[in-house]
Amino acid sequence: MATRATGTARRARQRVHVAQSVWPTLGGAAAAFALAAYERLIWPQLIGCVLVAMVLISLAAVAFPLRLEVTVDAPSRVRQGVPFDSVIRIANLSRAGRGALLVRQGWPARPGRRALVHDLAGYVDDVPARDAVDLRKTRTPLSRGVADKLCVEVEIAAPFGFFSRVSRHHVAQRLMVLPAPSTEVALPVIDGGQPTGVGARVPDIDIRGVRDWRPGDRIASVHWRSVVRTGRMTVWERDGRSAGSLSVVALAPARRGRVVSDDAFEAGIATVAAAGIVALRGSVPICLVAQEKKSLPVVRHPTSEAALLECLAGLDVATRPSPALLEHALSHAADGGLIVVLASSAAPASWRAAVFDAARSIGAIAIDASELTPSTRRASA
């Protein structure tokens, strides 16, 4: 499922970290020299020289920049909850060996979003000169999302622990964590304008005739003989009608300009993913509308499971859809379509009510994403 990608970073930002213990050590050396000058003693001078020598040795060990090349091999697409392997290769380009390296690696999360994967932390005992070592780890994605780059920090500690040099490498390597679909969903299907239950559909018995194909019609209703004869897409016209399309309307307010995604919204993402897969397998067209941060409209019509999961992975909703976006979703679900409201717990009730009222006016079914799971329906009943 996932294709692996390799990113390399040669240039790095480096800084020297000063430990808190260096200041008491220098203070003790100053006190020893002061005592030696006041009492005219030799042993305090020796103690002060030893303390200063320890600090200088520690500083000299990290005085020169690290010449490292960091390469990360990891999948570019993974699924939430499914472990994957990552390999960090550290190449020592200098003429001297390096030892006791602390390596930290992670994909920075977007503001207001949860971390995609736990940060990695591991030790490398020794990296010989002009050589490389590999750090292999198995990790599990925590949440859906998209990261455009990753960060690797390599820290080498000096003797006595007074100083350390941190080398930070940024690698332009994309990671997309696809949402994990729910295990079970049930789409309500409408026939003759009335809901017929969960996961069921009344057969279309009475056939009125043949008409031209319209957006939202199911592939199973195509009259193929007429298509072959006339060259036009035509479908059966029946008395009963079933839900011919699936529209998803995302509602989630931002907080202080940042996108906020809570547990209710993430659970709805998993439910919508499963519902979309069921719809695609039944040749039901899907429309997804959302209003992202900075008022960017999102309109997607995924035609495959991979496209659907990719769309949901990068969804960052910041407000309710504009009237134009909502009208597009309603036109897609008109005359027997299904509208799924994907909302966070912080979304006002008036936002949901507006979508439900609009759906009722066009003869479509509107349902909250949480009501698509049979267990939720039984609990609410």
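Two strands pair if DSSP finds at least two bridges between them; keep that in mind for the strand views of this predicted model.

**View 1. Strand β5 and its partner β3.** Here β3 (residues 68–75) runs antiparallel to β5, and six bridges join the two strands. For a place to start, look for Val 72, whose bridge partner in β5 is Ile 88.

**View 2. Strand β5 and its partner β8.** Eight bridges link β5 to β8 (residues 132–139), and this pairing is antiparallel. Phe 84 can be found opposite Arg 139 of β8.

**View 3. How β5 is enclosed.** Strand β5 spans residues 84–92, and seven of its nine residues are buried, so the rest of the structure largely encloses this strand.

**View 4. The largest nonpolar core.** This core holds 37 residues, and Leu 312, Leu 315, Val 340 and Leu 342 have the most contacts inside it. At least two core residues come from each of β12 (175–178), β17 (246–251), α4 (263–281), β18 (286–292), α5 (305–313), β21 (338–343) and β22 (365–368). Helix α4 gives the largest share, with nine residues.

**View 5. Around Leu 312.** Leaving aside residues up to four places away in sequence, Leu 312 touches Arg 144, Pro 179, Ile 269, Val 272, Ala 273 and Leu 288.

How values were computed: Residues are numbered from 1 along each chain as its sequence is written. This is a predicted model: local features need pLDDT of at least 70, side-chain atom pairs count only at pLDDT 80 or more; totals for chains, interfaces and linings use all residues. Side-chain values use heavy atoms; hydrogens and water are left out. A nonpolar core is a set of buried Ala, Val, Leu, Ile, Met, Phe, Trp, Tyr and Cys residues joined through side-chain atoms within 4.5 Å. Buried means under 20% relative accessible area, exposed over 50%, partly exposed in between (1.4 Å probe, protein chains only). Helices (H or I, at least four residues) and strands (E, at least two) are DSSP runs, numbered from the N terminus. Contact means heavy atoms within 4.5 Å.
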